[in-house]
Amino acid sequence: MPNILLVGNGAREHAIAEAISRSKQNPRLFSYMKANNPGIASLSEKTLLGGYADLAAITGFARENKIEFAVIGPEDPLANGVVDALTSCGIGSVGPSRSLARLETSKAFTRNLVSKYRIPGNPRYKIFTDTNGMEAFVDSLEGIVIKPDGLTGGKGVLVQGDHFSTKDEALSLCRQILSDTASVIIEEKFDGEEFSLQCLCDGKTVIPTPLVQDHKRRFELDRGPNTGGMGSYSLPDHTMPFLRPSDLEEGLEITRLLAAALLEETGEPYKGVMYGGFIATKDGARLLEYNARFGDPEAMNILPLLKTDFVEVCRHIIAGELDKINIEFEPLATVCKYVVPEGYGLPADEGGGPPAGARIEIGDVGRARLYYSSVDQKDDGLYLSSSRAIGIVGIAKTLAEARLIADEGVRAIKGPVSYRQDIGTDALIRKRVEHMKAIRPK
Ligand SMILES: Nc1ncnc2c1ncn2[C@@H]1O[C@H](COP(=O)(O)OP(=O)(O)O)[C@@H](O)[C@H]1O
Ligand SMILES: [Mg+2]
């Protein structure tokens, strides 16, 4: 009976907790959370509440409970060096060290590494620490994307056409970013359709998991502000209808080359999730960014499909033996929809901001799976916070059926909440297929 530590408190970690609990090894789960997630708590032997910068509390909890290994869900504890702290106590982790987590925490580090090792996929880009040469570079680009160098919770990137229009606006936004942070990346804007390729990596071997498409925008038809993610879907064949097989192969090859580059560059094997955000363009797959952990919501699409024992998968990652295990996923479709507070993602003057003490009721979600995110379980009921509240997942043989199941589940959540109707619909997918056909007709 292995004792396993889970760090994190979102719906992604609820899905991880569930995958651990399904193991034939009869694991005992110990969960360290920033806020009490009732779903994770119900699957745990013991929980401890605390901040993700309190490494002493995390290692103390791990030691006390004779933890065999840890799974780190979110990026914050990775950025704080929780894996290094656990390693120094002799505890292995699924999750990279602080230095390797720069894959996510510094978009400049990753762009430079990809470029140094001549790995394909980068846009034209330049990193600026002051305004020298900025205007000339901006002038040389057809479309502009601006990225602050650091964690921004998925809400820091500025895209021409969405967040600003003119080159002058771009320059003024860059100046603004430079007054708050040390550097800013300016890069070429790609046209295409995005896909998430979450890979498992033990430092040498890279194993892909089913492709997922996330939906960052708050409202239907990809309108409104960017969010942490409103939902996602995946298909029974584990690919996306708007992609060519070569897009996936290219994304996987970029990830393999990058895993090797990380080892070469740091001397340290990357053990954990390498989640590549890619965009299929007229010239093939291009790299938007990497995350150093599963996506939230994307973890909810793939972990429930995992046929292989997740505890065994984790052990193979940590031992550097991913080449010795066959990892399989069910050939099923999934649709995940996030139930969020009505004002989620909106500025305060448009009805955003935290709903003061809004209560929700969970009815019968039917065949859907329910993963808790930011909710507060009080004595008299379940309360919303200002973030995404509950992830609802439908799983079935077809996408249409999976969506139906997810929609039934979502409707069982009563209160001042909202969700995106269009995720996983034929109309939305057709739009993406048409877009790809228009940019690469042959
Ligand atoms: N070079 C690019 N070309 C076109 N769109 C981009 C580019 N880089 C980022 N984006 C858009 O901005 C979004 C957020 O950028 P990303 O690099 O994934 O950062 P984060 O997830 O940290 O916000 C992407 O999902 C994509 O829609
Ligand atoms: Mg992203």
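**Group meeting talk: ligand 1 and the chain around it**

Let's start at the ligand. A polar side-chain atom of E187 sits 2.9 Å from a nitrogen atom of ligand 1. A polar contact here is a pair of N or O atoms within 3.5 Å; within protein, one must be able to donate a hydrogen and the other to accept it, and residues adjacent in sequence count only if both atoms are side-chain atoms. E188 uses its backbone: an N or O atom there lies 3.0 Å from a nitrogen atom of ligand 1. E194 brings a polar side-chain atom to 2.4 Å from an oxygen atom of the ligand. On its own, ligand 1 has 540 Å² of accessible area, and the protein covers 87% of that. Those areas come from the Shrake-Rupley method with a 1.4 Å probe; for residues, only the protein chains shown count as cover.

A word on the source. This is a predicted model: local features need pLDDT of at least 70, side-chain atom pairs count only at pLDDT 80 or more, and totals for chains, interfaces and linings use all residues. Residues are numbered from 1 along each chain as its sequence is written, chains are lettered from A and ligands numbered from 1 in the order in which they are written, and side-chain values use heavy atoms, with hydrogens and water left out.

Back to the shell. Which residues are closest to ligand 1? They are K107, K147, F190, E194 and E289, out of 13 that surround it. To be near, a residue needs a heavy atom within 4 Å. By class, the shell has 5 nonpolar, 1 polar and 7 charged residues. Nonpolar means Ala, Val, Leu, Ile, Met, Phe, Trp, Tyr, Cys and Pro; charged means Asp, Glu, Lys and Arg; the others, Gly among them, are polar. Strand 7 (144–148), strand 9 (184–188) and strand 17 (284–291) each give at least two shell residues.

Now helix 7, residues 107–116. In this helix, 7 of the 10 residues are buried. Buried means under 20% relative accessible area, exposed over 50%, and partly exposed in between (1.4 Å probe, protein chains only). The buried ones are K107, A108, F109, T110, R111, L113 and V114. They pack against helix 6 (102–105), strand 6 (125–128), strand 7, strand 9, helix 10 (245–266) and strand 17. Contact means heavy atoms within 4.5 Å. Just after helix 7, R118 takes a positive phi of about 50 degrees.

Two loops also show positive phi. Most residues other than glycine have a negative phi. N26, between helix 1 (11–21) and strand 2 (28–33), has a phi of about 50 degrees. L221 lies between strand 13 (217–219) and strand 14 (223–226), and its phi is near 60 degrees. L221 is partly exposed, at 42% relative accessible area.

Next, R440. Where is R440 placed? R440 is in the segment after helix 14 (426–439). It is buried, with a relative accessible area of 10%. Its side chain reaches the backbone oxygen of T281 at 3.2 Å. Residues that R440 touches include F242, D247 and K282.

Last, the whole chain. It has 14 helices and 25 strands; these are DSSP runs numbered from the N terminus, helices being H or I with at least four residues and strands E with at least two. The radius of gyration is 21 Å, close to the 22 Å that the globule rule gives for 442 residues, so the chain is as compact as a globular protein of that length. That radius is taken over C-alpha atoms, and the rule is 2.2 Å times the number of residues to the power 0.38. Buried residues make up 57% of the chain.

Definitions and conventions
Lists of a residue's contacts leave out its neighbours within four places in sequence.
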